[in-house]
Amino acid sequence: EETGDEDGYEYGKGNFTEHACRYCGVSNPACVVRCNVPSCRKWFCNSRGNTSGSHIVNHLVRAKHKEVCLHKDSPLGETILECYNCGCRNVFLLGFISAKTESVVVLLCREPCLSVNALKDMNWDLSQWCPLIDDRCFLQWLVKVPSEQEQLRARQISAQQINKVEELWKTNPDASLEDLEKPGVDDEPQPVALKYEDAYQYQNVFAPLIKLEADYDKMMKESQSKDNVTIRWDIGLNKKRVAYFVFPKEDNELRLVPGDELRLRYSGDAAHPAWQSVGHVIKLTAQEEVALELRASQGVPVDVNHGFSVDFVWKSTSFDRMQGAMKTFAVDETSVSGYIYHHLLGHEVEIQMVRNSLPRRFGAPGLPELNASQVFAVKSVLQKPISLIQGPPGTGKTVTSAAIVYHMAKQGQGQVLVCAPSNVAVDQLAEKISATGLKVVRLCAKSREAVSSPVEHLTLHYQVRHLDTSDKSELHKLQQLKDEQGELSSSDEKKYKALKRATEREITQSADVICCTCVGAGDPRLANFRFRQVLIDESTQATEPECLIPLVLGAKQVILVGDHCQLGPVIMCKKAARAGLAQSLFERLVLLGVKPIRLQVQYRMHPSLSEFPSNSFYEGTLQNGVTINERLSSGIDFPWPVPNRPMFFYVQMGQEEISASGTSYLNRTEAANVEKIVTSFLRSGVVPSQIGVITPYEGQRAYIVNYMSRNGALRQQLYKEIEVASVDSFQGREKDYIILSCVRSNEHQGIGFLNDPRRLNVALTRARYGIVILGNPKVLSKQPLWNGLLTHYKEHECLVEGPLNNLKQSMVQFQKPKKIYN
Amino acid sequence: DDEVHVRQMVAAVDPQEIANFDQELRAVVQESVEQRKLELRGRPTLNMMLPMNVFEGSTKDHHGRVVGGESGDEALDEELGGKEVQVKVLVKRGNKQQTKQMYIPRDSTLLQSAKQKEAAELEE
Ligand SMILES: [Zn+2]
Ligand SMILES: [Zn+2]
Ligand SMILES: [Zn+2]
């Protein structure tokens, strides 16, 4: 059921035989030689094409490689060319000479063997030595020049291209000439634009960026192999083998997520043969332990625990689906409505209204009452083909989205597709939509079926298993058999698959709403579905091509929900990010003049905590839906400097340090004070799950976790239950109390991650009851936004120093902010 | 047509580029020679064994006829001007000597010079 698009984009690779000339593709064994430099080993032919020297000579000169080997099917067989006397292999020194008679020939180097007196004594005429490379070619009787026919069919490579590809091989020996034509290899890729002529131009811009990101992702993940891993074996509820082990995370931001595929290997010993198996990550424990469910249960060396290796198995699926969606967008007229097509490309289009009768009330059953801005949002989006909803932190965008989906589903225009980039967001939304009474199917990637989900009962795989009708008994019987035996006979397996597919289709078709990730919308199981109405939550965290996947299934009405004042999509490849891949579709539409409808009432933060974010990020429009009284920490005895203002900036002057890995930072003083604050919260009656520690650096995160569990004044277990994580991983979530450790404390350097206003916004808006920020004001105040924050805290007498039980207002001087942030 | 096309391709080579490449190539050769001189101080020695059997019978066909062919082929070859000559190439694989047969155009510089030499020797 895979669509053709899915494997289309790798086409064209590997067309050449191994010994084809890497410049022109000629592969006649009589015409090619292999460069014998171990790191190179590339084949080249002896044709000049339209360049000055033959391809092999060109390569040897450009790359400064000097040894070659003949092809095994050439007249001399697989032979490394070397001096018959001294073994010198430098082809620039070698030449043939007749040994006494014209019919016996040897290779001899010109330095020093050509001046060996003994040879003259043997009556050899050394003046007749004939260099191997003559007229910028190898001797043509040794390595044939390809025929004209062969040359004409070959790729016509220019001297410039040769120089470029040789340059490229210095860093990437496997690069092909095709890679030269792709931007991003030797120069910056074409940046994203605001408007596009057509979907082909759009594809031309985004396809290389997605490719760059995919290559980077692959390179990074595949370099994550770990040896000497210790395994703890277990058996899952589905009787599958589960391996538990610690897979330490590096500073490079690679986060394993449930559904990732890893390969577990054992090299074997006297009692066990070598073994390997692929599995899916089904969960990550708080102790950073990975649970890997193995695909095959047979032959697992369960009596061994040590000496395993783990590799990451990279999958191109998500990137392939983005490429596929862009292609569909370009070639399939029915992929989106004309209005949406032109609108997405930034063309001027006359405003259209959707002719639908509006409901009398805009709330939905099973959901909380909507506030005025939420009602306004629901009402306006129902009438427009494209709308943006901006939901600042805690403003109830999930409820609003669910209400919109409810009303769209009731309009009878077919099934509604609901997506978000992350599984967590999809689950939350699916739950809320299901609460309105609509029939929801949550479609999960096959690799995540074993991952536990709060909305398991809504997932397609669960519903297939639990569909309770008698005509499904055959499927159930086979399922049971499969569960018990681990596998089925091939005929049963065939039957099972067909029945399962039919049941899946039946359940999916009968749903009002399908919920899945953006990438999940490209699942082959949805290939024949059409969705006129699509809502994408957290759309500001998705790249454009990712957003396109759910849209090209026939969208006529699109609602993008998000907040472009919070963090955008995570792009690992800097080149792709610089070119604009990190800009979401939502943001581009804002830049094109689409005005987002803003939800204005926040229900999360203590009013004191929302004041600064509202003023700095939302033009002061954020209203409080909670009162001070609803956010009183009653019974919690914590030394807030100003009662009724559960916030303070704790001045820290400790030095930053580079972490052991050399790629991150830590700050010991801040870490020690984080522990004191945590302990003080715990002592005053706060439980660990209420506390979140945020720090932008992995080095500091690891250090804090370690420090608290070793030096914490209370029971170790309490500290282990406290979540310590990056700003990014807290996006979309909340905690009652947040402690933010800024780390950077070097007056001569920047503040790194904290420079991004969107990251600061996210960090400041996670807490419901109280926030403590630890940092060095002297360093932070150079940045205008931080300067504003520090001034705000100072004005409210919340900028403090000294021991925690005796906090005093700090008189620390701020620096002048460098430049105005725009 | 093909020929025209190929000629065009050849004509397309920029003489300046050829000159530049020639210069680079000569530089690599020069560099290699100097490097060798530095590496090998002291007198070069003869360190090779020529298996004598390769020379056996070589005088018979040193006029450049294709050896081992049927007489008919020989005639044909003669008609075409005997374009190719079979030679024995001595190569080493690791430390092992091997003799390989291959054909070399009669007009190649290698054979031309060898022939001149032999002719000169005969005259003597
Ligand atoms: Zn090479
Ligand atoms: Zn070639
Ligand atoms: Zn030599």
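Among the contacts in chain A that link residues at least 6 apart in sequence, 70% join residues at least 24 apart. The model is a predicted one. Chain A has 822 residues, of which 57% are buried, and its secondary structure comes to 26 helices and 33 strands.

The zinc ion (ligand 2) is held by the SG atoms of Cys21(A), Cys24(A) and Cys45(A) and by ND1 of His55(A), at 2.0 to 2.3 Å. Angles among these four donor atoms run from 103 to 119°, and the site is tetrahedral. Along the sequence the donor residues follow the spacing C-x2-C-x20-C-x9-H. Cys45(A) belongs to strand 2 (residues 43-45) of chain A and His55(A) to helix 2 (residues 55-63) of chain A, so this pair ties together parts that are 10 residues apart in sequence. Cys45(A) has 0% relative accessibility and counts as buried; His55(A), with a relative accessible area of 2%, is buried as well.

Are Cys83(A) and Cys86(A) buried or partly exposed? Cys83(A) is buried, with a relative accessible area of 0%, whereas Cys86(A) is partly exposed at 35%.

Five strands form an open, mixed sheet in the order 6(A)-4(A)-5(A)-1(B)-2(B). Strand 6 (130-131) of chain A and strand 2 (96-105) of chain B stand at its edges with a single partner strand each, so one side of each has no neighbour in the sheet. Strand 4 (residues 94-98) of chain A runs antiparallel to strand 6 of chain A, and two bridges join them. Gly95(A) has Pro131(A) in strand 6 of chain A as its bridge partner.

The largest nonpolar core has 76 residues, and those with the most contacts inside it are Phe96(A), Leu108(A), Phe138(A) and Leu142(A). Strand 5 (residues 104-109) of chain A gives the most to this core, with six residues. Beyond its neighbours within four places in sequence, Phe96(A) is in contact with residues including Val105(A), Val106(A), Leu107(A), Trp129(A), Leu139(A) and Leu142(A). The contacts of Phe96(A) also include Val89(B) and Leu110(B). A second, separate core of 67 residues includes Leu622(A), Phe649(A), Val762(A) and Val812(A).

Seven strands of chain A form an open sheet with parallel pairing, in the order 18-19-17-20-21-16-22. Its edge strands are strand 18 (440-442) and strand 22 (597-598) of chain A, each pairing on one side only. Within the sheet, strand 20 (residues 533-536) and strand 21 (residues 557-562) of chain A pair in the parallel sense over four bridges. Gln533(A) has Gln557(A) in strand 21 of chain A as its bridge partner. Helix 16 (residues 544-551) of chain A lies across strand 17 (416-420), strand 20 and strand 21 of chain A, and runs at about 150° to strand 20 of chain A.

Notes: Residues numbered from 1 in each chain as written. Chains lettered and ligands numbered in written order. Predicted model: local features only at pLDDT ≥ 70, side-chain atom pairs only at ≥ 80, totals over all residues. Heavy atoms only, no water. Core = buried A, V, L, I, M, F, W, Y, C linked by side-chain atoms within 4.5 Å. Buried < 20%, exposed > 50% of the residue type's maximum accessible area, 1.4 Å probe, protein only. Contact = heavy atoms within 4.5 Å. Donors = N, O, S within 2.8 Å, 3.2 Å for Na, K, Ca; no water. Tetrahedral: all angles 85-135°; square planar, octahedral: opposite > 155°, others 65-115°. Pairing = 2+ DSSP bridges. Axes fitted to C-alpha atoms, helices over the stretch in contact; angles between N-to-C directions.
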